[in-house]
Amino acid sequence: MNHILNQRHRFQIPDDLAYFNCAYMSPLASEVLSAVEAGGALKSTPWMFQPQDFFLHSERARSAFADVARCSANDLALVPSASYGLAVAARNLRVAKGERILVLDGQFPSNVYVWRERAAEVGAVVETVIRIGDENWTAALSRHITAGVAIVAVPNCHWADGGLVDLVVIGAASRQVGAALVIDATQSLGALPLDLEAVQPDFLVAAAYKWLMSPYGTGLLYVAPKHHGGTPIEHNWINRSGSEDFAGLVNYQDGFQPGARRFDMGEKANPPLLMGVVAAAEMLLEWGVARISATLSAKTDRIAQAATAMGFDVIPKPDRAPHLLSLGLPGKLSEDIGKQLAAKKIFISVRGTSLRVSPHVYNDDCDCERLIDALKSL
């Protein structure tokens with residue numbers, strides 16, 4: 001597969017700065033920033049903002065997300081964060097007293113707190129999956145997916161160590177015991193190909209400010225059709241049937257807009273954010289998610305090879321994500337190691353006892369060499 005040519009010219013990244021922190025927050029591309037500014041300009045002329053515009057921009061963003069996720073726009077809700085989407089999932093999934101909810105060891109907090117709360121409500125148990133020896137996350141999860149598991153709540157790849165979860169395998173195992181599958185794809189959607197038809201999740205959420213390269217405060221929630229009749233966590237006017245008729249809004253409706261739209265967040269019709277989402281999605285589709293994944297894999301492979309020779313611990317392929325690399329040191333990391341690298345204008349994240357490196361198509365060969373040289377100096 002042909003790799004994507006370097007795209008640094010589309011981002012406002014100084015030549016002397018190496019940004020390997022897309023898993024923390026992606027920079028906005030110039031065309032995305034322009035779209036956000038154009039959306040902001042609409043607010044300066046509210047007399048030009050017509051009732052239909054409340055729906056137009058929302059549906060364009062929904063369709064853009066659907067094109068990247070390769071699903072029907074009817075199955076997507078617009079959400080402001082991963083935690084919002086996970087709260088919707090928790091409200092609409094059955095779990096009984098004594099049943100188990102599975103999460104990964106060290107999983108991102110937003111995909112843990114919500115399940116602790118849900119378990120406390122009904123007397124269920126949140127069970128943390130821990131790897132044994134050289135076991136990968138898929139094998140570890142498979143051991144735990146047995147009778148009595150009601151919900152499997154996991155990412156596509158671990159946010160801290162980059163370890164992959166084979167969602168097709170885990171989806172099949174979950175269905176076999178009657179468990180619901182909830183995926184937090186914040187650290188993968190847009191950088192890792194995903195086949196929703198093969199995985200068959202009940203819910204999938206992704207905050208869009210990382211690998212979907214969209215403005216902060218945007219995200220998507222995939223809702224399997226069997227859950228379209230569920231209960232939203234807020235009841236706003238625009239999600240109800242007939243809300244296009246502004247003159248008739250006080251003719252209160254019990255029905256909702258079709259598909260997953262009943263789960264949309266309030267005040268979703270925010271042109272600066274939504275227009276930014278559309279521009280970012282068009283850029284990702286131009287590159288192609290599979291090509292993004294292959295391009296980033298080449299970068300992380302290069303860094304992983306050099307780091308392994310220096311004594312860093314690296315999860316081997318195929319158990320690690322192509323776009324997110326964790327470099328672990330046997331000893332304790334210096335508490336200010338991130339600041340040391342930032343002083344050299346190299347930006348990564350420190351997660352526990354590891355360095356998390358997350359490149360994108362704006363990183364060139366010089367960036368990689370600068371990072372490798374800096375690692376040697378550690």
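**Figure 1. Pro318, in the loop between helix H9 and strand E9 (325–328).** The peptide bond leading from Lys317 to Pro318 is cis. Its omega is near 5°. Most peptide bonds are trans. This is a predicted model, in which local features need pLDDT of at least 70 and side-chain atom pairs count only at pLDDT 80 or more, while totals for chains, interfaces and linings use all residues. Residues are numbered from 1 along each chain as its sequence is written, and side-chain values use heavy atoms, with hydrogens and water left out. Helices (H or I, at least four residues) and strands (E, at least two) are DSSP runs, numbered from the N terminus.

**Figure 2. Arg70 and Glu267, two residues with a positive phi.** Arg70 sits in the loop between helix H2 (53–69) and E2. Its phi is about 60°, although Arg70 is not a glycine. Arg70 is exposed, with a relative accessible area of 63%. Exposed means over 50% relative accessible area, buried under 20% and partly exposed in between, for a 1.4 Å probe and protein chains only. Glu267 belongs to the loop between E8 and helix H8 (271–287). Phi of Glu267 is near 55°, again positive in a residue other than glycine. Glu267 is exposed too, at a relative accessible area of 75%. Most residues other than glycine have a negative phi.

**Figure 3. Helix H3 (residues 82–92) beside helix H4 (residues 110–122).** The two axes come within 9 Å. They cross at roughly 30°. Axes are lines fitted to C-alpha atoms, for helices over the stretch in contact, and angles run from 0 to 180 degrees between N-to-C directions. H3 and H4 are therefore roughly parallel to each other. Angles under 35 degrees count as roughly parallel, over 145 as roughly antiparallel, 65 to 115 as roughly perpendicular and the rest as oblique. From H3, the contact takes in Ser83, Leu86, Ala87, Ala89 and Ala90. From H4, it takes in Ser110, Asn111, Val114, Trp115 and Arg118. Contact means heavy atoms within 4.5 Å. The residues of this H3–H4 contact divide into six nonpolar, three polar and one charged. Ala, Val, Leu, Ile, Met, Phe, Trp, Tyr, Cys and Pro count as nonpolar, Asp, Glu, Lys and Arg as charged, and the others, Gly among them, as polar.

**Figure 4. The surroundings of H3.** Eight of the 11 residues of H3 are buried, so this helix is largely enclosed by the rest of the structure. The buried residues are Ala82, Tyr84, Gly85, Leu86, Val88, Ala89, Ala90 and Asn92. Their partners include H4 and strand E2 (76–79). They also pack against strand E6 (180–184), strand E7 (203–207) and strand E8 (219–223).

**Figure 5. Helices H8 and H9 where they cross.** The axes of H8 and H9 come within 6 Å and cross at roughly 70°. The two helices are therefore roughly perpendicular to each other. H8 contributes Leu284, Glu286 and Trp287 to the contact. H9 contributes Val289, Arg291 and Ile292. These residues of the H8–H9 contact divide into four nonpolar, no polar and two charged.

**Figure 6. Thr295 in helix H9 (residues 289–310).** Thr295 is buried, with a relative accessible area of 5%. Leaving out residues up to four places away in sequence, Thr295 touches His3, Ile4 and Val361.

**Figure 7. Met213, in the loop between E7 and E8.** Met213 is buried, with a relative accessible area of 0%. Met213 and Ala279 are 66 residues apart in sequence. In space they are 9.4 Å apart, C-alpha to C-alpha.

**Figure 8. Cysteines in a structure with zero disulfides.** A search of the whole structure finds no such bond, defined as a pair of cysteine sulfur atoms within 2.5 Å. Cys22 is in no disulfide, and the nearest cysteine sulfur, that of Cys157, is 12 Å away. Cys22 is buried, with a relative accessible area of 0%. Cys366 is exposed, at a relative accessible area of 56%. The closest cysteine sulfur to that of Cys366 is in Cys368, 9.3 Å away, too far for a bond.
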